[in-house]
Every structure is written in C-alpha cells, then in structure tokens.
Amino acid sequence: MAAKTTIRSVDLNREFREIGADINEAISRVLRSGWFVLGNEVAQFEQEFSGYLGVKHALGVNSGSDALFLALKALGIDKTDEVITVSHTMVSTADAIVRCGATPVFVDIEPDTYCMDVERIEEKITERTKAILPVHLYGHPVELDRITQFARRYELLVVEDACQAHGAEYKGKKVGSFGDIGCFSFYPTKNLGCYGDGGIVVTNDSDLAKNVEMLRNYGQSQRYHHDVVGINSRLDELQAAILRVKLRRLDVWNKTRRELAKYYTELLEPTDIKLPVEKGYAKHVYHQFVVQLSQRNELQRYLKRNGVQTQIHYPIPVHKQKAYEGVGDSANLPVTEIACAEILSLPLYPSLAFDGVSRVGELIRNASC
Ligand SMILES: Cc1ncc(COP(=O)(O)O)c(C=O)c1O
C-alpha cells in the first residue's frame, strides 16, 4: 500500500495551482509596466483593501512589523509612554512598542479565545499609559467594545494588531477598522498573504494617514523635502498586484476555513482536548486552529510520526524572551504561561480540504496520549 503523503502545516503550492494563471498575469503586468515601487498597483490595492474593510485610508508598507511601528510612530508614541498589550503574541507586536522607545505593559489573556483579557486592562493603566494595542490572535476578534470604553474613559489611543485577522468581524464589522489605526501583515501564510513580505496600515483619520505616508517613504512630504525622520517601508508593486488577485478570493477562503474548523470541532468534540471557541460577538477566520491539552508534546510527536505537521504559536511568551529581560511590566500572566505550555496549532488552510481534516481528526481520536 502506498505511504500516505505528509499533511503540511501550511501548503502554498496547492494554492498556487489554483490561482497560478491569474498570479502570472498580474506579475507580468507589473514587469511590462517597468514601475516597481509606489505605483498604480499599490494605489489600486490600497483602495480595494480600504473598501473591503470600510475605512477611509490604507497605506501599504513592507511588513506587519513595520505597520505596527509606523502606526505607533504616527500617533506620536515615544519613550515617555507605556503601551498596554499582550505577551501571548508574535514578538513583533511588542517590538514595535520598544522600537518607538516606549514601554510594553503586558496584560493576561482569556483562557478560551487566547486574546487580551479586557477585564485586566484597568489595573495596568498608569499616568504614562498612552495606548492599548490588542491582538486579534489566531483570527478571533478581541472584545472591542470594552477596549473602546477604556480608551474613551482614560483618553487612550487604540492600535489594532489585525495581522492574523483579515476579514474577521466584531459585531458584524471588520476588525482593523475600530481603533485609531489598524495593522495587517501579508506574510505568505496569512489568510491574505503575498509572495514575500508586506503589510498595511488602515485608518479613518486623514492626518494620521498623511503621517504614515510620510514615515514609510523617508519622511518625505514631497520629493526631497523630509519633514520628519522616516524609514523606507513600502509595499512593492509586484506584491500589491499579487494581493489584488488574492483579495478577490479572501471571503471564499475564509468561508472554507470556517467550514473546516467546524468539521474539526465535530470530529474532536468527543475527546478531552480543549477546542477553539467563537464568542457571540465574533466572526472567527481561523488563521490558526489551536487546541490545548496537557500532553501537547506527546500529541505533537505522535502526529509527526503519522505524517502530520503541527506548530506552536507561541512556545515562549514575549516577556520570557531573552530580549525582554527586565523590559516592561510582566506581572501576573498565569493564563499566558499555561497556554504556551499546552497549545498546538493543527493544520488548517483552504486547500487542506475535508479529507485532510478527516485524517488529522481520526488520528487524534485514536491517539492514546
Ligand atoms: C500577531 C502578529 N503581529 C505582527 C506580525 C508581524 O508581521 P510581519 O511578519 O509581516 O512583520 C505577525 C506576523 O507573523 C503577527 O502574527
């Protein structure tokens, strides 16, 4: 009998087989144009993405990390400020704060959504607090109404890290459009990913949009007039053209992710493993399908032996990283620390299809760990 193929944790080759013709056409259009940085494709994509989210402005940048950094910079965050965020995230959320010279203040997460526990925000607010930076982790929205309430009450800015949540909704409205600024990554494995690095900053505030536009392009207000010290962080024309092809499919792909997540849930409900939840206010887009169990390492090894790749997002919280020794306030994060020791991301992406989920689900049901 032929050996079963490996189920990869992400498989972009399959996606390319589906959309390759359109991608090749888009790439060749850019090559024929002879224009590669800040041209028509970026302008069109910015318009299409802002239309998709229902915001006024979108500015393409080099990565999600730069999107976060430029957002905080544009808001004037500096070394006197504290920014409230989570430790259970990709490290670049916190890096953006530190790159501005500000101090990250970590709040614990909810045990079910793994997103910021909004009821713990108030105890971390000080006179230096300037902003809240929640993360819509794994594609599940944060409880945004509470965050907006605290922001109003304490006059704080809100920057949404929506790097894992393209198309996710909070009470029927797309995330990224709630805060003063929203930030997205287009890293290839994201729900909307390009074929290299890319990111975008979105906002309804025209002055902030102008600031980001300058900051991403050497601080220029017009050619060779540098009003502020900026950086070079621009989405390029090739990536924008690729993203335009993929944006048209995002809703269908997210729908498939949701169906596959539902199927996983049906298969795994009889087990003792803790499964992802979708809160009443949320439309989850399952960037990751994260389960939790105390024998996480055993299950990961068992799946690997049986040809299934898995990942851990993330095994070490930010406050336990060497780079963050003595940085910021990391008191009282027990839920974060337990999650990091017990979570496992199972394969979930549109081209995995029901067969793939079925195989992984059956393996887990038959596991003795
Ligand atoms: C939650 C979160 N924030 C920020 C980033 C940074 O995005 P990028 O890799 O595009 O710099 C990522 C990407 O992995 C992310 O998942």
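This is a predicted model: local features need pLDDT of at least 70, side-chain atom pairs count only at pLDDT 80 or more; totals for chains, interfaces and linings use all residues.
**Ligand surroundings**

- The shell around the ligand has 16 residues, and those that come nearest are Gly 64, Ser 65, Asp 161, Ser 185 and Lys 190.
- Nine residues of this shell are polar, five are nonpolar and two are charged.
- Helix 3 (64-74) and helix 4 (92-99) each contribute at least two shell residues, and helix 3 gives the largest share, three residues.

**Polar contacts and burial of the ligand**

- A polar backbone atom of Gly 64 is 2.8 Å from an oxygen atom of the ligand.
- In the side chain of Gln 164, a polar atom lies 2.8 Å from a ligand oxygen atom.
- The side chain of Ser 185 has an N or O atom 2.7 Å from an oxygen atom of the ligand.
- The ligand taken alone exposes 390 Å², of which the protein buries 92%.

**Largest cavity**

- Two cavities of 30 Å³ or more are found in the whole structure, and the largest holds about 150 Å³ of space.
- Its lining consists of 17 residues, with Leu 12, Glu 15, Arg 257, Tyr 349 and Pro 350 nearest the centre.
- Helix 1 (12-33) and helix 8 (250-268) each give two or more residues to this lining; the largest share, four residues, is from helix 8.
- The lining of the largest cavity has seven nonpolar, six charged and four polar residues.

**Second largest cavity**

- The second largest cavity contains about 60 Å³ of space.
- Residues lining the second largest cavity include Asp 112, Tyr 138, His 140, His 284 and Gln 288.
- By class, this lining has six nonpolar residues, four polar and one charged.

Methods:
Residues are numbered from 1 along each chain as its sequence is written. Side-chain values use heavy atoms; hydrogens and water are left out. A residue is near a molecule or strand if one of its heavy atoms lies within 4 Å of it. A polar contact is a pair of N or O atoms within 3.5 Å; within protein, one must be able to donate a hydrogen and the other to accept it, and residues adjacent in sequence count only if both atoms are side-chain atoms. Accessible areas come from the Shrake-Rupley method with a 1.4 Å probe; for residues, only the protein chains shown count as cover. Ala, Val, Leu, Ile, Met, Phe, Trp, Tyr, Cys and Pro count as nonpolar, Asp, Glu, Lys and Arg as charged, and the others, Gly among them, as polar. On a 1 Å grid over the protein atoms alone, a cavity is a set of points where a 1.4 Å probe fits but cannot get out, and a pocket is an open set with protein on both sides within 12 Å along at least five of seven lines; lining residues have an atom within 4 Å of a point. Grid points are joined across faces, edges and corners, and a volume is the space filled by probe spheres set on the points.
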